[in-house]
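This report covers side-chain packing in a single model.

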Amino acid sequence: MEITKFLKHNYRHFNAAALIDAAEAYKAHVESGKKMMITMAGAMSTAELGISMAEMIRQDKVQIISCTGANLEEDLMNLVAHSHYRRVPNYRDLTPEQEWELLEKGLNRVTDTCIPEEEAFRRLQKHIFKIWKDAEDKGERYFPHEFMYKMIQSGVLEEYYEIDPKDSWMLAAAEKNLPMVVPGWEDSTMGNIFASYCVKGELKPSTMKSGIEYMTFLADYYKKNAGTEGIGFFQIGGGIAGDFPICVVPMLYQDLEYTDVPFWSYFCQISDSTTSYGSYSGAVPNEKITWGKLDIKTPKFIVESDATIVAPLMFAIILGQ
């Protein structure tokens, strides 16, 4: 427990102390038998959160995930095209002309990391299209993450693996068939590609289950798994990955009038978004009480810092490292 020992000795105040408190409360939550949802915004997969996230999945420290379509696909892109990625340490200094040069080379930049179009996007595309088409021909419909699971489980990607498979959170999730919601999946590369096939008449939009169906799935999941005490909510970043699933509790209580539904029983958000100018992602946890998402007694934490730094450290504490 060298990492935990170091953190507890040095992280005693301010955001550092909030990190420790939130991690300890997370650990107590799952050890008491309650379930936890982790939500991932932005491009955490390209930040290689999978290195620590995969172990969280393997050790049953998370029972359901909400993530952006980008996180869903970019973990697999990193898995099959890692050696073709290009890091740009001086990304803050790039001119528009240098950005254009990256585009012409098929390198799409995410902060300091460029994803190679041919080796990443197109490598997945040729395999996932066949899985989409086969399902459509059989009259079958699935969620975006279920199609990704099918591609992983088919073994077609194994010849391309360029990182240790244990560092891919999607492989770990597919192995457990971990429940997932991917709100706004259309706003992703694979979502755009699927839409392009629909425009060309090669696929039907109905083959892909929708965001409304994700919400109805989540409503059923929460009812069956919340018990009397609720499920925990660990939010990495802001945006739709967190905003979408947290609403399921007020929907169940207020719109469906299920008065026995418990609130989320733990809440932590790692975010550097400010609370000014109506920033929903930067809203303090107490604001969520007024929306029927959190109880007065729900343990609430916010760590105002960079999630790429904070999340792996918190996971280390939770995993006893």
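## Aromatic pairs and packing

In this predicted model, a search of the whole structure finds 16 aromatic pairs. One of them joins Tyr-26 and Phe-234: the ring centres are 5.4 Å apart and the planes stand at 85 degrees, so the pair is edge-to-face. Tyr-26 belongs to helix 2 (residues 14-31) and Phe-234 to strand 7 (residues 232-236), so the pair ties together parts that are 208 residues apart in sequence. Tyr-26 and Phe-234 are both buried. Tyr-26 and Phe-234 also belong to one aromatic cluster, together with Tyr-266, Phe-301 and Phe-315.

| Lysine | Ring | Distance to ring centre |
|---|---|---|
| Lys-209 | Phe-143 | 5.0 Å |
| Lys-223 | Tyr-258 | 4.3 Å |

## Helix 10 against helix 12

Two packed helices are described by the angle between their axes and the distance between the axes. For helix 10 (residues 211-225) and helix 12 (residues 248-255), the angle is about 80 degrees and the axes are 10 Å apart. Angles of 65 to 115 degrees count as roughly perpendicular, which makes helix 10 roughly perpendicular to helix 12. By class, the contact of helix 10 with helix 12 has eight nonpolar residues, no polar residues and one charged residue.

## Two buried residues

Where does Ser-66 lie? The residue is in strand 2 (residues 64-67). Ser-66 has a relative accessible area of 0% and is buried. Beyond its neighbours within four places in sequence, Ser-66 is in contact with Met-37, Ile-38, Thr-39, Met-40, Val-181, Pro-183, Ala-241 and Pro-245.

Arg-123 is in helix 6 (residues 117-137). Is Arg-123 buried or exposed? Its relative accessibility is 17%; buried means under 20%, so Arg-123 counts as buried. Leaving out residues up to four places away in sequence, Arg-123 touches Val-80, Ala-81, Glu-118, Tyr-160 and Glu-162. Glu-24 lies elsewhere: Arg-123 and Glu-24 are 99 residues apart in sequence and 41 Å apart in space, C-alpha to C-alpha.

Definitions and conventions: Residues numbered from 1 in each chain as written. Predicted model: local features only at pLDDT ≥ 70, side-chain atom pairs only at ≥ 80, totals over all residues. Heavy atoms only, no water. Axes fitted to C-alpha atoms, helices over the stretch in contact; angles between N-to-C directions. Helix = DSSP H or I, 4+ residues; strand = E, 2+ residues; numbered from the N terminus. Parallel < 35°, antiparallel > 145°, perpendicular 65-115°, else oblique. Nonpolar A, V, L, I, M, F, W, Y, C, P; charged D, E, K, R; others polar. Buried < 20%, exposed > 50% of the residue type's maximum accessible area, 1.4 Å probe, protein only. Contact = heavy atoms within 4.5 Å. Phe/Tyr/Trp six-rings, centres within 6.5 Å; stacked < 30°, edge-to-face > 60°. Lys NZ or Arg CZ within 6 Å of the ring centre and 35° of its normal.
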